[in-house]
Amino acid sequence: AVLVRFVGYVMRHYHQTTGGAVFMRAQDRDYGTMKPSLFRDLRHGTLGQYLEAYEAFIKGIKREFAQDRFKTREVGALLQHYGIKTPWLDVVDNLYTAMWFATSGLPLGRAAKESWLFLIGTGGDALPSLRVENLRTKHSSLTLRAHAQHGFSLTRPPAVIWNEQNVCFNEYVLAAVRIEKPSEWAMSGKLCDRAFFFPSADADHTFGVLRSHRMKNVLASATSRAGLPSDALGTLG
């Protein structure tokens with residue numbers, strides 16, 4: 001009850017003050033920084049290479065695949081949900097989904113002593129420097145994973161030039177909740193199965209396309225062109 005009340009309090013008062021929305025992000029630990037996956041663990045001076053590889057991959061997908069879902073301005077947010085490192089940060093607007101990722105959604109085989117739930121504000125002063133997209137309204141239901149996970153994504157507006165100073169979103173974090181003994185918060189039932197949040201390629205058409213050899217070849221070409229290892233942008237899966 002305290003957790004629900006706290007999240008509700010932050011959401012209501014933040015909206016009343018700024019007109020903006022509060023989203024949640026669950027993590028298996030507090031990393032100290034809130035960075036999109038493309039910018040985590042970069043060596044100094046390699047930011048440009050990773051952006052080059054990412055942009056080449058996006059262009060390659062739009063060139064090689066005819067499906068409309070791969071030609072949208074939010075295709076990076078789609079890829080983020082399938083294992084690719086992108087400039088997008090995954091968040092949700094649903095406490096139950098967030099708690100699933102904070103507990104049951106932990107990496108397989110990892111028994112964590114604690115998890116973290118972060119509340120991120122997207123109104124007021126954040127508006128000029130943040131772009132928020134609801135993947136359920138922006139992407140086809142054939143992209144099943146984004147719909148099952150109640151996915152939203154955050155990134156910088158297109159006009160922003162990424163640099164080592166603006167890759168971190170810490171300034172938008174309103175609160176952090178440490179969850180002790182995550183296993184005690186785990187939910188059960190069909191809607192809480194891992195298979196529900198991560199549907200198989202048989203059910204998730206986009207997942208099937210992304211796993212194709214043709215898509216993997218586009219990914220390999222993009223990383224090679226930027227002079228990076230084949231797994232620099234992650235693994236489709």
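Predicted model: local features only at pLDDT ≥ 70, side-chain atom pairs only at ≥ 80, totals over all residues.
**Pocket**

I started with the second largest pocket and found 19 residues lining it, with Y54, E55, R73, R131 and P158 nearest its centre. A pocket here is an open set of points on a 1 Å grid over the protein atoms alone, where a 1.4 Å probe fits, with protein on both sides within 12 Å along at least five of seven lines; lining residues have an atom within 4 Å of a point. Residues are numbered from 1 along each chain as its sequence is written, and side-chain values use heavy atoms, with hydrogens and water left out.

I looked up which elements give two or more residues to this lining, and they are α2 (47–64) and α3 (75–80). Helices are DSSP runs of H or I with at least four residues, strands are runs of E with at least two, and both are numbered from the N terminus. The most comes from α2, with six residues. I sorted the lining into ten nonpolar, three polar and six charged residues; Ala, Val, Leu, Ile, Met, Phe, Trp, Tyr, Cys and Pro count as nonpolar, Asp, Glu, Lys and Arg as charged, and the others, Gly among them, as polar.

**Helix α1**

Next I went to α1 (residues 2–18), where L3, V7, V10 and Y14 are buried. They span an arc of only 60 degrees around the axis, which puts them on the same side of α1; the arc is taken from the directions from the helix axis to the C-beta atoms. I use buried for under 20% relative accessible area, exposed for over 50% and partly exposed for in between (1.4 Å probe, protein chains only).

The face turned away from the buried side carries exposed V2, V4, R5, Y9, R12 and Q16. I checked what the buried residues of α1 pack against: β1 (22–27), α4 (95–102), β3 (114–121) and β6 (173–180). Contact means heavy atoms within 4.5 Å. Just past α1, G19 has a positive phi of about 80 degrees.

**Two single residues**

I found T206 in helix α8 (residues 205–210). T206 counts as buried because its relative accessibility is 0%. Leaving out residues up to four places away in sequence, T206 touches R69, F70, L78, Y82, L142 and T143.

R136 sits in helix α5 (residues 135–138). At 25% relative accessibility, R136 counts as partly exposed.
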